Amino acid sequence: MKNSGHLRAFLADIGFISLVVVLLLFLQAVLRVILWARNPDLATNTPAADLLWAFAMGLRFDLIIASYLVLPLTLALLLPNGLGSRRLARIWLIITGGIVLFLGVTEPEFYHQFHTRLNSLAIQYLKEDPATVSSMIWHGFPVVRYLLLWAALMACYVWALSGVNRLTRTFGQQYPAWWLRVPVFLLCAFLVAWGARGTLRQGAPLRWGDAFHSQHLFANHLALNGTWSLLKAATGNKKKDAGKTWLKAMPGEQALARTRKLLLAKNDTLLLPEQYPILRSHEPQVKLGKHPKNLVLIIMESFSAQFTGALGNDHGITPRFDELAEEGLLFDHFFSNGTHTHQGMFATGACFPNLPGFEYLMQEPEGQHQFSGLPALLKPLGFQDVYVYNGAFNWDNQKGFFRNQGMTRFIGRDQMENPLYTDPTWGVSDQDMFDQALRELNRMDRDKPFFAILQTLSNHTPYALPDPLPVAPVTGFGSLDQHLTAQRYADWAMGRFFDKAKQQPWYEDTLFVLVGDHGFGVKQQLGEIDLLRFHVPMLLIAPGIQEAFGARMSRAATQMDVVPTAVSLLLGKPFRHQCWGRDLLSLPDDDPGFGIIKPSGSDHTVAHFRGKRIVIKPPRGKAMAGRYQLYPSPSLTLEKDMPEKEEMLADLEAYVSTAMRALLNNNTGVPEMPSAGVKE
């Protein structure tokens with residue numbers, strides 16, 4: 001009878017562990033339902049079969065987390081007393097299960113904002129200024145509601161855990177002899193190890209690519225597990241490893257030759273080719289009768305093309321931008337290089353791509369390198385400079401990065417003069433930023449040229465806007481109403497700035513470049529890259545620009561092309577640069593344009609589009625190819641045998657690997673050479 005009691009104690013603990021796994025799987029399935037409930041629009045056109053499959057596949061990812069949580073309990077099966085009173089086991093499960101539930105409760109809002117499961121982007125936010133991040137979360141999201149939901153789920157979890165404990169309790173004090181419990185332990189350990197791998201296949205364990213079963217991105221994302229993806233980001237997102245993978249994609253010389261073919265224009269001349277990959281002298285196609293003297297680059301926060309009237313999406317959100325578009329040259333197939341402001345800033349201002357593993361370049365040691373951006377090209381020519389921003393420049397290390405590039409004047413939230421409205425999280429309103437920018441531009445020495453970067457911020461959660469609001473709130477878009485109200489306000493503030501700027505003596509001598517830093521998640525998701533999140537407008541305004549180049553251009557382009565295009569218009573004569581984009585106005589008429597884009601965070605998916613063709617390459621698995629359409633309605637049609645697929649994939653690998661080598665070897669800048677391209 002004694003041995004029988006010991007055996008019952010042993011089996012009871014195994015039963016406890018087994019039921020705990022079932023409980024954890026159920027709770028994580030509930031979290032998946034909550035994620036779906038918070039983002040119902042994204043699932044509207046997704047077949048029910050794909051959603052059901054997502055839940056089925058999700059069990060495998062959930063099993064990984066459950067297996068790791070019960071691993072210490074499984075190891076305890078080797079002890080003579082096993083789990084004993086289970087007090088420590090229950091404490092462990094309550095703490096770790098509480099963390100899983102907390103992450104699961106916070107994730108629906110994260111996904112709603114970024115259209116991605118928890119990843120390194122969340123870690124990056126946590127690494128930033130804690131006060132700012134905490135304020136953003138508190139003022140931008142229903143924190144109390146989610147904390148109450150977490151508390152309710154925790155109460156249910158603890159109650160269920162207590163029930164499982166009571167159901168499987170025995171009064172046996174010891175386990176059977178080791179020769180009986182070791183074989184059973186090995187079987188249990190195998191099952192837990194199998195669960196932690198998520199698969200019985202040889203080689204790699206379950207990976208995120210296994211979740212991608214559908215043509216609908218939300219169904220693929222729904223199958224993933226946020227705790228799992230966050231742990232992967234925390235332990236596996238090593239930039240050196242990511243870099244090594246791309247460096248092996250293609251021999252260096254072959255990659256360099258392909259990249260130069262992609263980037264060099266007909267009249268470009270390579271300079272110091274043995275030392276610098278794409279340093280060249282560029283000769284612009286001179287069409288303007290009079291070239292501007294000054295440059296103002298306006299980077300608009302979250303300015304999605306999907307709600308820009310001038311691009312055919314007239315919902316009344318951007319009336320002032322639409323008016324300005326009638327005066328300038330509008331690019332309607334323009335994309336950001338990332339999906340976060342950080343990437344938009346260094347891509348647009350420093351002309352360097354968003355590379356896998358270096359998404360937060362401005363904070364990395366490699367961000368101390370010199371790049372071929374606006375400061376590098378214009379400061380040596382005697383240009384004055386100013387960077388005006390609503391918030392604090394320590395965020396994302398903006399000031400450190402751009403000061404190292406050569407900028408000297410930074411006007412942030414603490415330098416604003418008598419702001420009308422100050423948000424406790426981010427800083428002053430867009431109208432305050434633009435008013436201060438106007439004051440700074442009017443203070444410039446009229447005898448010298450200047451360039452300015454103006455960066456807006458009000459169109460960012462928590463969307464704290466002046467009260468009373470100078471525009472009507474947006475309605476009819478459900479959960480996007482608040483976001484679109486902020487975009488309408490940002491558009492109003494930008495239009496107000498232009499009304500005042502047009503009255504200044506320097507206006508007619510200035511080239512204005514308006515560009516979105518990135519878009520945001522909308523109902524429709526195009527492909528695994530979620531292409532519409534990258535689609536933003538770019539508008540060039542300068543005297544005579546429509547007469548020279550027309551009112552609209554459909555050549556595909558990215559933020560990489562801003563600097564070479566703007567500087568070409570500004571100087572109108574040859575100049576040296578090492579930009580990873582091209583002068584869009586000096587290309588042959590039949591050039592469709594190209595771009596390389598990548599989501600922010602630890603998602604190392606990279607895409608290459610050429611005209612309206614696109615190749616999407618996940619970090620593992622096969623590349624996909626097809627044709628995308630933005631007008632009259634967005635769509636993406638995959639073509640398994642697209643003739644251009646292999647060539648475009650090779651160009652993608654060449655571009656990324658060459659840029660990676662240039663970054664790691666610190667040869668991304670513009671070295672001092674005998675004068676060329678000096679503006680007279």
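The legends below describe close-up views of a predicted model. In this model, local features need pLDDT of at least 70 and side-chain atom pairs count only at pLDDT 80 or more, while totals for chains, interfaces and linings use all residues. Residues are numbered from 1 along each chain as its sequence is written, and side-chain values use heavy atoms, with hydrogens and water left out.

**View 1. Strand β3 and its covered faces.** Strands are DSSP runs (E, at least two residues) and helices likewise (H or I, at least four), numbered from the N terminus. In β3, which spans residues 294–300, seven of seven residues are buried, where buried means under 20% relative accessible area, exposed over 50% and partly exposed in between, with a 1.4 Å probe and protein chains only. In a regular strand the side chains alternate between the two faces of the sheet. One side of β3 carries Asn294, Val296, Ile298 and Met300, the other Leu295, Leu297 and Ile299, and all of these are buried.

**View 2. The parallel neighbours of β3.** Two strands pair if DSSP finds at least two bridges between them. Strand β9 (residues 510–516) runs parallel to β3 and is joined to it by seven bridges, whereas strand β8 (residues 450–455) pairs with β3, also in the parallel sense, over five bridges. Isoleucine 299 has valine 515 as its bridge partner in β9 and glutamine 455 as its bridge partner in β8.

**View 3. The crossing of helices α11 and α20.** The axes of α11 (residues 252–263) and α20 (residues 645–664) come within 8 Å and cross at roughly 105°; axes are lines fitted to C-alpha atoms, for helices over the stretch in contact, and angles run from 0 to 180 degrees between N-to-C directions. The two helices are therefore roughly perpendicular to each other, a term for angles of 65 to 115 degrees, with under 35 counted as roughly parallel, over 145 as roughly antiparallel and the rest as oblique. Contact, meaning heavy atoms within 4.5 Å, involves residues including Leu256, Arg258 and Leu262 of α11 and Asp651, Tyr655 and Arg661 of α20.

**View 4. The open sheet β1-β2-β13.** Three strands form this open sheet in the order β1-β2-β13, with antiparallel pairing. Strands β1 (269–270) and β13 (575–577) stand at the edges, each with a single partner strand, so one side of each is left without a neighbour in the sheet. Strand β2 (residues 280–282) pairs with β13 over three bridges, and arginine 280 stands opposite histidine 577 in β13. Helix α19 (residues 562–571) lies across β2 and β13, running at about 165° to β13.
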